[in-house]
Amino acid sequence: MSEINSLADLGSLTAGATPAVDSKPLRVAIIDKQGRSYATGRRKDATARVWVKPGSGKITINGKDQTQYFARPTLRLVINQPFDVAARVGAYDVIATVAGGGLSGQAGAVRHGISHALTRQEPDLRSPIKAAGFLTRDSRVVERKKYGKAGARRSFQFSKR
């Protein structure tokens, strides 16, 4: 074995060597026997359990169609954002059960769950979905009311009398 005295000697040793390439992919698809991927999404006080499977693009939330459950178009837009970013509109069916919080928090929870389930169905979609910020759980919650205050921070109106 030759002795290495400088960086130039070290460079000549590694120049001919090829780096060891692991044939195992970084991420593998996590799919159950029915061809579905499962994920949990959370936002504010809402928790959504989401199953994603290849299909026609039908989204069912708590047994209702998305247009019936989320009547506001903005909430439906929030739910469909991961499909738009991943260019998979109409490619997957979604079945979700959501509980807790209000409609806005529930829509955010379903979006979070869909994003995670999509990355488990197709691991290659992780980078565009993560770049859009849909895999990060939005941890902001309502601040609690304090005693002696009208709300979390607002005081009662001051009067000199």
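Guide: Arg-43, Asp-138 and Arg-140 are linked in a network of salt bridges. A salt bridge here is a side-chain nitrogen of Lys or Arg within 4 Å of a carboxyl oxygen of Asp or Glu. The model is predicted: local features need pLDDT of at least 70 and side-chain atom pairs count only at pLDDT 80 or more, while totals for chains, interfaces and linings use all residues. Residues are numbered from 1 along each chain as its sequence is written, and side-chain values use heavy atoms, with hydrogens and water left out.

Helices (H or I, at least four residues) and strands (E, at least two) are DSSP runs, numbered from the N terminus. Arg-43 is buried, at 17% relative accessible area, whereas Asp-138 is partly exposed, at 25%. Buried means under 20% relative accessible area, exposed over 50%, and partly exposed in between, using a 1.4 Å probe and protein chains only.

The structure holds 6 salt bridges. Another of them joins the side chains of Arg-88 and Glu-122, at 2.8 Å from N to O. Arg-88 lies in the loop between α3 and β5, and Glu-122 in the loop between α4 and α5, so the pair ties together parts that are 34 residues apart in sequence. Both partners are partly exposed: Arg-88 has a relative accessible area of 26% and Glu-122 one of 21%.

Arg-153 and Glu-143 also meet through their side chains in a salt bridge, at 3.1 Å from N to O. Arg-153 and Glu-143 each lie in the segment after α5, so this bridge ties together parts that are 10 residues apart in sequence. Arg-153 is exposed, with 63% relative accessibility, while Glu-143 is partly exposed, with 39%.

The largest nonpolar core has 27 residues, and Ile-61, Ile-79, Ile-114 and Leu-118 have the most contacts inside it. Such a core is a set of buried Ala, Val, Leu, Ile, Met, Phe, Trp, Tyr and Cys residues joined through side-chain atoms within 4.5 Å. Among the elements that each supply at least two residues of this core are α3 (73-86), β5 (92-99) and α4 (103-121).
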